[in-house]
Amino acid sequence: MPSFALDIRSLSVVLTAVSAMASVIMILIWKSRKTYAGFGFWAAGNASSAAGFLLFTLRGIIPDIFTIILANVLVLSTAALYLEGTRRFRGVAGRRILSIVLVALLAVSLSYYTYAHDDIGVRIVILSVLVALFYGLGAWELLGNAPPDLRFSYRFTGSLFAIYSLFMFVRASLAVFAPGPNDFYEADLMQTLAFLLPLLLGIAWTFGFVMLNSERLEVDLKSAQVELQRLATTDFLTGISNNRFFFETGEREIQRARRYGRPLGVVMFDIDHFKRVNDTHGHAAGDQVLVAIAAACRNFLRDIDIFGRLGGEEFAILLPETDLAGGRTTAERLRSAIAETGIEAGAATLHVTISVGVSVLSPDDERIEQVLKRADDAMYEAKR
């Protein structure tokens, strides 16, 4: 298809400019934005590509050691840097030794088939096979290990690597059975594609690198927001709802119960003689008691119940769809279970009791504090 052939030197100039621009953009992102391990290797790969194709452009102007040996070494180094960056981005060990050995092997082979036995066809086969190997490994890393949240960017970039790897294997196979070009700038179909594909795919996978980093950053930000929300609503010691979240949820539950005319029970309890535990066994033992009691209570509560630590040794439970009788049943089960629970605190096994108060939402209640006040009064009556 002679009509498809393009001027190779012109393609090389364009490829040099595009790779250099992509490298500069990625370096600026790397230096000024949050990036992950591997992003710098991808940027270096684009820089290596720009340098390699610049030397190709100078073929016949400067010595062959630069335009054949070094240029091809840089092209292979580009593939090796992409693979190293991909593995580091995924958090797995790189293949630095493999890369160094294969790049060195290429340099030695090219030197032999340039100076001892000049054969452009063999050089094409060796370079194409090694480049295809690196891009194939990169495609395997991305297509075979895509996290659910990053699946699109992994598959997009991995598919580009796979396409280029397949093309380079085809190029190597054809070069084995068909004579290669006598002139590096000979504008046949395969030579044209050998420059046109990395130009088009290089733009695409540079976009893929940026997209991989951006999507991962977005996932991490969402995870951080979820964690901050959890920290803002969870008691740091026991892992149950903290005071603030309990009251916010309580207000919503009251509004729901009043709107639909449904019962809402409240249980409050605190640990009897908790100060004695701290004074006798230490505050670490006191913390273990709080954690153990919170864990014991959760085993008896429903998913819709809201269990919170109000402060110190005082706890409260919101029981949606629960009347006074149901609240008393729940309270008695908790009281009995905690009394029977042995709590390991260092060398000692502690047994503690709780005092419990129960109340329910009345038609006059407008705020959670009103229901809690009656439960609190009942709890102190029980303690007396």
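Student: Which elements do the buried residues of H9 pack against?
Tutor: They pack against S1, helix H10 (283-298) and strand S5 (348-350). Helices (H or I, at least four residues) and strands (E, at least two) are DSSP runs, numbered from the N terminus. This is a predicted model, where local features need pLDDT of at least 70 and side-chain atom pairs count only at pLDDT 80 or more, while totals for chains, interfaces and linings use all residues. Residues are numbered from 1 along each chain as its sequence is written, and side-chain values use heavy atoms, with hydrogens and water left out.

Student: OK, and which residues in H9 are buried?
Tutor: Phe274, Val277 and Asn278. Buried means under 20% relative accessible area, exposed over 50%, and partly exposed in between (1.4 Å probe, protein chains only).

Student: How do they sit around the axis of H9?
Tutor: The buried residues fall within an arc of 95° seen down that axis, so they line one face of the helix. The arc is that of the directions from the helix axis to the C-beta atoms. On the other side of H9, Lys275, Arg276, Asp279 and Thr280 are exposed.

Student: What about His273, what's its phi?
Tutor: His273 has a positive phi of about 55°, though it is not a glycine. It is in the loop between strand S1 (264-271) and helix H9 (274-281).

Student: Is His273 buried or exposed?
Tutor: Exposed, with a relative accessible area of 54%.

Student: Switching topic: how do the axes of H8 and H12 cross?
Tutor: The axes of helix H8 (residues 243-260) and helix H12 (residues 368-383) come within 9 Å and cross at roughly 105°. Axes are lines fitted to C-alpha atoms, for helices over the stretch in contact, and angles run from 0 to 180 degrees between N-to-C directions. H8 and H12 are therefore roughly perpendicular to each other (65 to 115 degrees counts as that; under 35 is roughly parallel, over 145 roughly antiparallel, the rest oblique).

Student: Which residues meet there?
Tutor: Phe246, Phe247, Gly250, Glu251 and Ile254 in H8 meet Ile368, Glu369, Val371 and Leu372 in H12.

Student: And Trp205, what is that in contact with?
Tutor: Leaving aside neighbours within four places in sequence, Trp205 is in contact (heavy atoms within 4.5 Å) with Asn46, Tyr82, Tyr135, Thr157, Leu160, Phe161 and Tyr164.
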